[in-house]
Amino acid sequence: MPIEHSSPLTAPPGGVWTDDVGVITGALELRTTCSDDGSVQVSVRYEEADEWYTVRGGACHVHDPADAEVLHTVLHGVLHRPEG
């Protein structure tokens, strides 16, 4: 069963690059999903929207699926920079 972590964030100056629609800005939600084999997918969406967009470079692999929570926390720290 996939492990999913989600957090609200405010995009940094310049926004968040996605593979699907380019740059998105403003109030967003970050989602990190990890499958049982350690494959990770990182995506964002506009706050309360239905459609998720793949973060550019947001696919990776972790040795232990439990590490996805730490990865999510680090990504949130990097991307949540409302003041720059």
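A: Helix α1 spans residues 68-79, and its 12 residues reach 16 Å from the first C-alpha to the last, close to the 16 Å expected at 1.5 Å a residue. That expected span is 1.5 Å times one less than the number of residues. Helices (H or I, at least four residues) and strands (E, at least two) are DSSP runs, numbered from the N terminus. This is a predicted model, in which local features need pLDDT of at least 70, side-chain atom pairs count only at pLDDT 80 or more, and totals for chains, interfaces and linings use all residues. Residues are numbered from 1 along each chain as its sequence is written, and side-chain values use heavy atoms, with hydrogens and water left out.

The buried residues of α1 are Ala68, His72 and Leu79. They lie on the same side of α1 because they cover an arc of only 45° around the axis, the arc being that of the directions from the helix axis to the C-beta atoms. Here buried means under 20% relative accessible area, exposed over 50%, and partly exposed in between (1.4 Å probe, protein chains only). An α-helix has 3.6 residues a turn, so residues three or four places apart point the same way.

What covers the buried residues of α1 includes strands β1 (3-10), β2 (16-18) and β4 (27-34), where contact means heavy atoms within 4.5 Å. On the face of α1 turned away from its buried side are the exposed residues Val70 and Thr73.
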